[in-house]
Amino acid sequence: MNAALPSLDLRRAEARERFRAKGVPHRRIEEWKYSDLRASLDDEHVAQEGAAQWRVEALPDGVELFDLSAGNAPDWVTRNLGAIDGSGAMAAASFVFAKGGVALRATRAVEGAARLHLSAAGHTRVLIVLEENASLTLMETQSNDAVELRNVGTEIVLASGSKLSHARLAANAPKSIQVETIAVKAAAGASYRAHFANFGAKLSRVDMNIVLEGENAEAHLSGATVLANGHADVTTHIAHAAGNTRSTQLFKNVAGGHSRAIYQGKITVREGANGSDSRQSAKGLLLGERAEIDLKPELEIFADDVKCAHGAAIGDLDVDSLFYLRARGIPDSEARALLIRAFLEDAVAEIENEEIRASVWREVEGALARANEAAP
């Protein structure tokens with residue numbers, strides 16, 4: 001990618017300096033206190049990682065694809081790649097060390113769903129651009145075949161009136177370290193709707209940074225994390241930079257065995273963003289004494305006339321509900337599965353595409369079986 005896109009050399013040099021100055025994140029950094037990446041990796045290890053693999057299937061008509069390892073990049077790629085990447089060290093590393101990646105652009109409303117599959121260890125970049133009033137559904141899957149680090153830097157640029165529905169499904173990967181930084185810039189009237197299904201890894205981290213730049217822009221996030229083992233961290237930051245913007249977050253976590261699930265959600269309402277409306281809710285269900293769930297919602301408000309609320313709760317299965325089901329002849333394992341499924345229902349229901357929602361439920365059912373087995 002370095003040789004193919006020489007016009008990006010300045011951005012890449014800035015990213016290299018950011019990674020050199022910050023280094024691999026560790027628990028003394030507030031945003032990373034639950035996920036100590038430096039305990040598993042050092043700067044040299046990150047720099048020596050190769051190239052992760054990508055594959056796009058079922059590309060709908062009306063979607064343009066560009067391979068970032070190729071030359072002669074179009075203007076929409078050079079204008080946007082690396083431009084909204086944020087200041088994080090791992091996002092900078094993906095930009096500096098990736099040898100390629102994929103860029104997708106929709107210029108109109110698109111029927112059907114594009115499917116992006118990411119595999120193997122290494123770095124890669126993903127760029128999604130939706131032009132004015134365009135719409136796209138994207139299903140992203142992360143494989144479990146990497147035995148080292150897979151570091152993905154994703155940038156999403158939404159022009160006015162555009163709509164992106166994004167579902168990310170990460171398979172159970174006990175030997176993998178998976179990091180993905182997702183940066184979103186939404187113009188006036190744009191809508192970003194995303195769901196994150198996580199099933200654990202040696203260390204898994206999704207780091208989202210969303211800026212609602214124009215009036216009436218929206219972001220709606222949901223997620224279901226089900227762990228029998230391993231570690232899954234979803235950290236989000238939504239900035240309301242304009243008035244009358246809206247955001248919602250609903251994340252459900254189920255942890256069994258010796259696993260750890262984390263959700264950190266920060267909302268910032270910037271000065272002048274009057275009329276902003278933001279709600280976030282995070283809940284956790286512990287299935288065993290060795291499991292851990294950490295929830296940290298946060299509000300930062302610098303404007304008047306706003307509606308903002310957050311809540312978090314962690315508990316275990318309701319004993320009375322479990323007794324009610326067992327008293328009616330339902331076996332213990334099946335009763336537990338029913339209650340946990342009901343707990344996750346409203347988060348998974350946020351997925352609008354029926355086919356994608358069904359595929360997420362299939363993965364959830366398998367993960368629930370593993371989590372119940374590992375529960376004690």
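Author: Welcome! A cavity is a set of grid points where a 1.4 Å probe fits but cannot get out. Please keep in mind that this model is predicted.

Reader: Thanks! How many cavities of 30 Å³ or more are there by this rule?

Author: Here is the general idea: rolling a probe the size of a water molecule over the atoms shows where empty space is left. In this model the count comes to two cavities of 30 Å³ or more. The second largest cavity has a volume of about 30 Å³.

Reader: Which residues line the second largest cavity?

Author: Look for Asn 172, Phe 199, Val 226, Leu 227, Ala 228, Asn 229, Ala 367 and Arg 370. The largest share of this lining, four residues, comes from β12. By class, the lining of the second largest cavity has five nonpolar, two polar and one charged residues.

Reader: And what volume does the largest cavity have?

Author: The largest cavity has a volume of about 70 Å³. It is lined by 13 residues, and the closest to its centre are Ser 165, His 166, His 195, Ile 351 and Glu 352. At least two lining residues come from each of β6 (135-142), β8 (163-170) and β10 (191-198).

Reader: Now for pockets. Which residues lie nearest the centre of the largest pocket?

Author: Find Glu 31, Trp 32, Ser 87, Asp 207 and Asn 209, which lie nearest the centre among the 25 lining residues. The volume of the largest pocket is about 630 Å³. Its lining divides into six nonpolar, 11 polar and eight charged residues.

Reader: What is the volume of the second largest pocket?

Author: The second largest pocket has a volume of about 180 Å³. Of its 13 lining residues, Asn 209, Ile 210, Val 211, Ala 239 and Arg 270 lie nearest the centre. The elements giving two or more residues to this lining are β9 (173-186), β11 and β12.

Reader: Let me turn to helices. At roughly what angle do the axes of α6 and α7 cross?

Author: In general, two packed helices are described by the angle between their axes and the distance between the axes. Here the axes of α6 (residues 332-348) and α7 (residues 354-373) cross at roughly 145 degrees and come within 11 Å. The crossing of α6 and α7 is right-handed.

Reader: Which residues in α6 and α7 meet?

Author: From α6, the list includes Ala 337, Ile 340 and Leu 344, and from α7 it includes Val 360, Trp 361 and Leu 368. The residues of this contact divide into eight nonpolar, one polar and five charged.

How values were computed: Residues numbered from 1 in each chain as written. Predicted model: local features only at pLDDT ≥ 70, side-chain atom pairs only at ≥ 80, totals over all residues. Heavy atoms only, no water. 1 Å grid on protein atoms, 1.4 Å probe; cavity = no way out; pocket = protein on both sides within 12 Å on 5 of 7 lines; lining within 4 Å. Points joined across faces, edges and corners; volume = space filled by probe spheres on them. Nonpolar A, V, L, I, M, F, W, Y, C, P; charged D, E, K, R; others polar. Axes fitted to C-alpha atoms, helices over the stretch in contact; angles between N-to-C directions. Left-handed = near helix turned anticlockwise from the far one by under 90°. Contact = heavy atoms within 4.5 Å.
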